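Dear colleague,

I am passing on the structure we spoke about, followed by some notes on what turned up in it. Please read them with the coordinates open.

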Amino acid sequence: MPQTPVQFGQHPPAARTIVHLSDTHLLAGNRPLGGRYDTAANLAATLAAIERTGVRPDAIVFTGDLTDLGEPEAYAALRTAVEPVAERLGAPIVWVAGNHDERPALRAGLFDADPTLEPVTSVHDLGGLRLVALDSTVPGWHHGDLDDAQLDWLRGMLAEPAPLGTILALHHPPLPSHIPFFDILELRHQDALAGVIAGTDVRAILAGHLHYSTSGTFAGVPVSVASATCYTMNLQRPPAEVNGMDAGQSFHLVHVYDDTITHAVVPVGEAETAEFFSAEWLERMAARSPQERLDAFSRKR
């Protein structure tokens, strides 16, 4: 492609790009999760797929359940796997706590911080795009919630808009699931969160927890749930019989534009790919006028 990007359509290039993945569920010593899933190998495959995209993201966001049991060795293994990739891509890592994580071990293992029970929250300025990591975990439980103190903190944060708006990242999505038993472990008191973000600059919510990709809206804000890297849910079964499978892993490429945000689901598995489009093809198109591009590529022959 030419050194100066050429705009092929009505939308200019995305202002910011985020890689969103979730639910790595690492175990100490890489014990098979549930006796069947190699979580370390599946994470490695996901990270390799991310690098194959050629994207240089503004952040890599992990929306929780980073480990399965909150073991210090598992957090160390996670850093060993992810940090070299993030360094090569020049991207900060945003760690979000999930219900399978343990706050003290997570704080010590990923942030080199005091091992306290305080919520794991953070704020990241991605060149004017504000990314806020919330902690929806409830120590000792698997359902989610946000206490008054965290909601007050978020309310104060959102009182001042960010230049490119705000994205929230948390583990438990504020969405229903068509799988009935998942709703037992949902984010509780969602109305309180809705009250905090109403009328603010929140443009998107990133989440995990469900082990399958889905999307919806919450308080008028788009919500995007990334699938798991460890294993996914086989949605080809009746809702009450859905269970895990070692297939279909994916991650999301989040593109932030001035007037919208897109969430592309990227499969991890490799397959033979056609070679029709190339950098040379794009360069030839870039050299043409907009009308010539339409004639060459849009007109039916």
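Strand 12 (residues 250-256) pairs with strand 13 in the antiparallel sense over seven bridges, where pairing requires that DSSP finds at least two bridges between two strands, and H252 stands opposite V265 in strand 13. This is a predicted model, in which local features need pLDDT of at least 70 and side-chain atom pairs count only at pLDDT 80 or more, while totals for chains, interfaces and linings use all residues. Residues are numbered from 1 along each chain as its sequence is written, and side-chain values use heavy atoms, with hydrogens and water left out.

Both strands belong to an open sheet of five strands with mixed pairing, in the order 3-2-1-12-13, whose edge strands are strand 3 (93-96) and strand 13 (261-267). Strands (E, at least two residues) and helices (H or I, at least four) are DSSP runs, numbered from the N terminus. Helix 2 (residues 72-89) lies across strand 2 (59-63) and strand 3, in contact meaning heavy atoms within 4.5 Å.

The largest nonpolar core has 33 residues, of which L154, L168, L193, I197 and I205 touch the most other members. Such a core is a set of buried Ala, Val, Leu, Ile, Met, Phe, Trp, Tyr and Cys residues joined through side-chain atoms within 4.5 Å, buried being under 20% relative accessible area (1.4 Å probe, protein chains only). Helix 5 gives the most to this core, with four residues. A second, separate core of 30 residues includes V19, V85, A105 and F251.

With best wishes

Note on methods: Axes are lines fitted to C-alpha atoms, for helices over the stretch in contact, and angles run from 0 to 180 degrees between N-to-C directions. Buried means under 20% relative accessible area, exposed over 50%, partly exposed in between (1.4 Å probe, protein chains only).
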